[in-house]
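Please read the following report beside the sequence and the three-dimensional view.

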Amino acid sequence: SGTSLMAYSGWSAANYLQEPYSADLDFGTGEWTVSAWVNVPTGNAAAGTILSRAFSAGAYITVGIDATNKLTATAFDGTTTRAVTTSAVYSTAQWIKVRVNYTTDGTLAILVNGREVATARGNPLLTLNNASAVLTIGNSYALDAPFPGSIALLKLGATVPTPEQALFMYEQEKQLFRAGALSVLPDSG
């Protein structure tokens, strides 16, 4: 309470964020990362999507939570699906930082609060480029999997932080979730 940080919730087929195709999100065969702070209510029994970069066909990336409140991530290159799910559940009504990393050795990993908790390994994926893909936040591309909690500070990047960098970012950002925390952004100058 009292913080100036904003979070978004109330996701549905009529309440989601969407960005049209952007070549900046075509990660090709390179590494990439997705991170977000999420808060899933206790007693949740619904699967939901934090982020989806997809279209009705072709390569896609999704990050979300399954109906048992385990974090999930999937990358599909048009041929191969790489999926990872945590063994722990995260319906705690507490803010956690979720990060999904894909590295060019074929590893898809989920980190929670700066620490790796689940991985899936295989041959490196083919290109994840999809010239029709739409970025959808808070729901799936098909708008049939609204996220059951809140989302803040969602970021995508074409580099993967080292374990030390991921933990450092978590430690810095968690200060924004303390009661009364003030978020300061630089001015246009």
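Glu173 and Lys97 are both buried, a word that here stands for under 20% relative accessible area, with exposed meaning over 50% and partly exposed the range in between (1.4 Å probe, protein chains only). The model is a predicted one, in which local features need pLDDT of at least 70 and side-chain atom pairs count only at pLDDT 80 or more, while totals for chains, interfaces and linings use all residues. Residues are numbered from 1 along each chain as its sequence is written, and side-chain values use heavy atoms, with hydrogens and water left out.

## Salt bridges

The side chains of Glu173 and Lys97 meet in a salt bridge of 2.8 Å, N to O, where a salt bridge is defined as a side-chain nitrogen of Lys or Arg within 4 Å of a carboxyl oxygen of Asp or Glu. This pair links distant parts of the chain, since Glu173 belongs to helix 1 and Lys97 to strand 7, 76 residues apart; helices (H or I, at least four residues) and strands (E, at least two) are DSSP runs, numbered from the N terminus.

Glu173 also forms a salt bridge with Lys155, and the closest N and O atoms of that pair are 2.3 Å apart. Because Glu173 lies in helix 1 and Lys155 in strand 11 (residues 150-157), the pair ties together parts that are 18 residues apart in sequence. The relative accessible area of Glu173 is 11%, so this residue counts as buried, whereas Lys155, with 33%, is partly exposed.

The structure holds four salt bridges, and three of them are set out in the table below.

| Salt bridge | Closest N to O distance |
|---|---|
| Glu173 and Lys155 | 2.3 Å |
| Lys174 and Glu171 | 2.9 Å |

In the pair of Lys174 and Glu171, Lys174 is partly exposed at 30% relative accessibility, and Glu171 is likewise partly exposed, at 31%. Salt bridges with shared partners join Lys97, Lys155 and Glu173 into one network.

## The largest pocket

The space in the largest pocket comes to about 220 Å³. On a 1 Å grid over the protein atoms alone, a pocket is an open set of points with protein on both sides within 12 Å along at least five of seven lines, a cavity is a set of points where a 1.4 Å probe fits but cannot get out, and lining residues have an atom within 4 Å of a point. Grid points are joined across faces, edges and corners, and a volume is the space filled by probe spheres set on the points.

Of the 15 residues lining the largest pocket, Asn101, Leu111, Glu116, Pro161 and Pro163 are the closest to its centre. Two or more lining residues come from each of strand 7 (96-103), strand 8 (107-112), strand 9 (115-120) and helix 1 (163-173). The lining has seven nonpolar, five polar and three charged residues, with Ala, Val, Leu, Ile, Met, Phe, Trp, Tyr, Cys and Pro taken as nonpolar, Asp, Glu, Lys and Arg as charged, and the others, Gly among them, as polar.

Leu111 is part of strand 8 and counts as buried, at 6% relative accessibility. Leu111 and Leu167 stand 56 residues apart in sequence, and their C-alpha atoms are 9.5 Å apart in space.

## The enclosed cavity

How many cavities of 30 Å³ or more are there? The count comes to one, and about 30 Å³ of space lies in the largest cavity. Arg53, Ala59, Tyr60, Ile61, Leu128 and Asn130 line this cavity, and by class they divide into four nonpolar, one polar and one charged.

## Two backbone angles

Most residues other than glycine have a negative phi. Ala93, however, has a positive phi near 60°; this residue is placed in the loop between strand 6 (81-85) and strand 7, and is partly exposed at 36% relative accessibility. Leu143, which is not a glycine either, has a positive phi of about 60°. Leu143 lies in the loop between strand 10 (134-137) and strand 11, and its relative accessibility of 24% counts as partly exposed.
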